[in-house]
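Biologist: I would like to go through this entry residue by residue. Could you put it on the screen?

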Amino acid sequence: MILIKNGRVVDPASGTDEALDLLLEDGRIKALGKFSRSESYEQVIDAAGKIVAPGLVDIHVHFRDPGLTYKEDIVTGSAAAAAGGFTTVICMANTKPVVDSVDTLSDLRRRAEELPVHVLNAAAVTKGLKGEELTDMKALRAAGAAGFTDDGIPIASSALLFEAMKMVQELDVPISLHEEDPALIASAGVNQGTVSRQLGVGGAPALAEESLIARDCALALRTGAKVDIQHISSGVSVDIVRSMKRLGGRIFAEVTPQHFSLTQQAVLERGALAKVNPPLREEADRYALIQGLKDGTIDFIATDHAPHSREEKAKELNQAPSGMIGLETALALGITNLVRKGHLTMLQLLEKMTVNPARFYNLDCGTLKEGAAADLVIFDERERWTVTEDGFRSKSCNSPFIGMELYGKVHYTICGGRVVYEA
């Protein structure tokens, strides 16, 4: 049994924000209240001055396993997740081989049993991510797929996506969509605008995202599918999602910490470390994303944790891959750029990172109520720390936030009633 004393319990699922102790036993939360130290406990954690919250849930990560494990693997990815306060993550399907068969998925599910945090897997929508033929979605769901996505590649065929949405609606699982029309993109990873012109690259316009979001939201309305619009980046995209939600669709949206924290200027300062799909855009877009978080148009904060090797990111901008790691900086970026600046309360921030994603995937986590899974994070919202290259538990260090001072330090991550990270 673990006793957590003197913490400020913040649980968006119940609206709790008060000083409470927690008792953890057999992987569950046994009780909340005020407890003495007189009993015999395996461990007593003094959380004075710190927040005790549900373990964070990230519905969009890349652990590069199988096939690309020089960038990351499920062991190092899980360590990064634990260090960032995450107890549940959902891996995307764009591995080598693609997670489009029961054999590949079953191997990942088997290996996940040994990990310190809960690592789930989304399976591919189309075979080989080619956008030509649907996978056996029923078999993949039966084998443990949490949902479906071709993330990294948009699904070009409206007819094929329409059929996929009807299938996920039947299976009652989410489908997550990468929204960038390649026909409208001159070069990926950098916003088409003043910075792309300054750098002499074609860039990726916001229209490439906005046009597919409009199409896919319309398909969602017709099918009733539960749809996640991934890593939204444009202010117009926020408006489209807001309007489509009002029409009654089961439409949800996620934003990454990099998109609400940075603009396209970061590419000038950080080079390929700030190259990402969809790209960082203008200040007006960043502000619109924050407004979308505030009014509920954007439901989730997800990292799109995308590790790459040092050698890959050291290439010329037009040759370097897009993407950045994010699990170990996400909470601090939310505290630094959203809570401390008055955009969101701590309850609202944690809502986007715990209960909302958990409910979206019907997961047994995301709350600190009695009897719930003992998955939680303990952090100091006021503690300052500097992001350093050698401080990452991830196998990669491709982050544009290296050298930045942030607020919000994770001290403990507990998953299934076990301490899996301690600062």
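Biologist: Is Asp 216 buried or exposed?

Modeller: This is a predicted model, in which local features need pLDDT of at least 70 and side-chain atom pairs count only at pLDDT 80 or more, while totals for chains, interfaces and linings use all residues. Residues are numbered from 1 along each chain as its sequence is written, and side-chain values use heavy atoms, with hydrogens and water left out. On the scale used, buried is under 20% relative accessible area, exposed is over 50% and partly exposed is in between (1.4 Å probe, protein chains only). Asp 216 has a relative accessible area of 1% and is therefore buried.

Biologist: Where is the place of Asp 216?

Modeller: Helices are DSSP runs of H or I with at least four residues, strands are runs of E with at least two, and numbering starts at the N terminus. Contact means heavy atoms within 4.5 Å; by that rule, not counting residues up to four places away in sequence, Asp 216 touches Leu 161, Met 165, Leu 177 and Glu 179. The place of Asp 216 is in helix α6.

Biologist: At what angle does helix α6 run to β11?

Modeller: Helix α6 covers residues 206-223 and lies across β10, β11 and β12 (251-255). Axes are lines fitted to C-alpha atoms, for helices over the stretch in contact, and angles run from 0 to 180 degrees between N-to-C directions. The angle between α6 and β11 is about 165°.

Biologist: Which are the edge strands of the open sheet of eight strands?

Modeller: The strand order is β6-β7-β8-β9-β10-β11-β12-β13, with parallel pairing. Two strands pair if DSSP finds at least two bridges between them. The strands that pair on one side only are β6 (56-61) and β13 (300-301).

Biologist: Which residue stands opposite Thr 149 in β10?

Modeller: Strand β9 (residues 147-149) and strand β10 (residues 175-177) run parallel and are joined by two bridges. Across from Thr 149 stands Ser 176.

Biologist: How far from Asp 228 is the nearest side chain of opposite charge?

Modeller: Asp 228 is part of strand β11 (residues 227-229), and its contacts beyond four places in sequence include Ile 59, Ser 176, Phe 252 and Phe 360. Lys and Arg count as positive and Asp and Glu as negative, with His and the chain ends not counted. A salt bridge needs a side-chain nitrogen of Lys or Arg within 4 Å of a carboxyl oxygen of Asp or Glu. Asp 228 is buried and has no such bridge; the nearest opposite charge, on Lys 245, is at 9.1 Å.

Biologist: With which residue does Lys 245 meet in a salt bridge?

Modeller: Lys 245 is partly exposed at 22% relative accessibility. Its bridge has an N to O distance of 2.7 Å, and the partner is Asp 299.

Biologist: How many residues apart in sequence are the parts that Asp 299 and Lys 245 tie together?

Modeller: Asp 299 is buried, at 11% relative accessible area. Asp 299 lies in the loop between α10 (283-295) and β13, and Lys 245 in helix α7 (residues 235-246), so the separation of the tied parts in sequence is 54 residues.

Biologist: How many salt bridges are found in the whole structure?

Modeller: One of them joins Lys 138 to Glu 170, with the closest N and O atoms 3.3 Å apart. Lys 138 is in helix α3 (residues 137-142) and Glu 170 in helix α4 (residues 158-171), so the pair links parts 32 residues apart in sequence. A search of the whole structure gives a count of 21.

Biologist: Which residues have the most contacts inside the largest nonpolar core?

Modeller: A nonpolar core is a set of buried Ala, Val, Leu, Ile, Met, Phe, Trp, Tyr and Cys residues joined through side-chain atoms within 4.5 Å. The largest one has 78 residues, and those with the most contacts inside it are Phe 148, Leu 349 and Phe 379.

Biologist: How many residues does the other core have, the one with Leu 262 and Phe 401?

Modeller: Phe 379, named for the largest core, touches residues including Leu 331, Ile 335 and Met 346. Apart from that core lies another, with Ala 266 and Leu 333 also among its members, and its residue count is 19.

Biologist: How many residues of helix α12 are buried?

Modeller: Helix α12 spans residues 330-339. Among its buried residues are Leu 333, Gly 334, Thr 336 and Asn 337.
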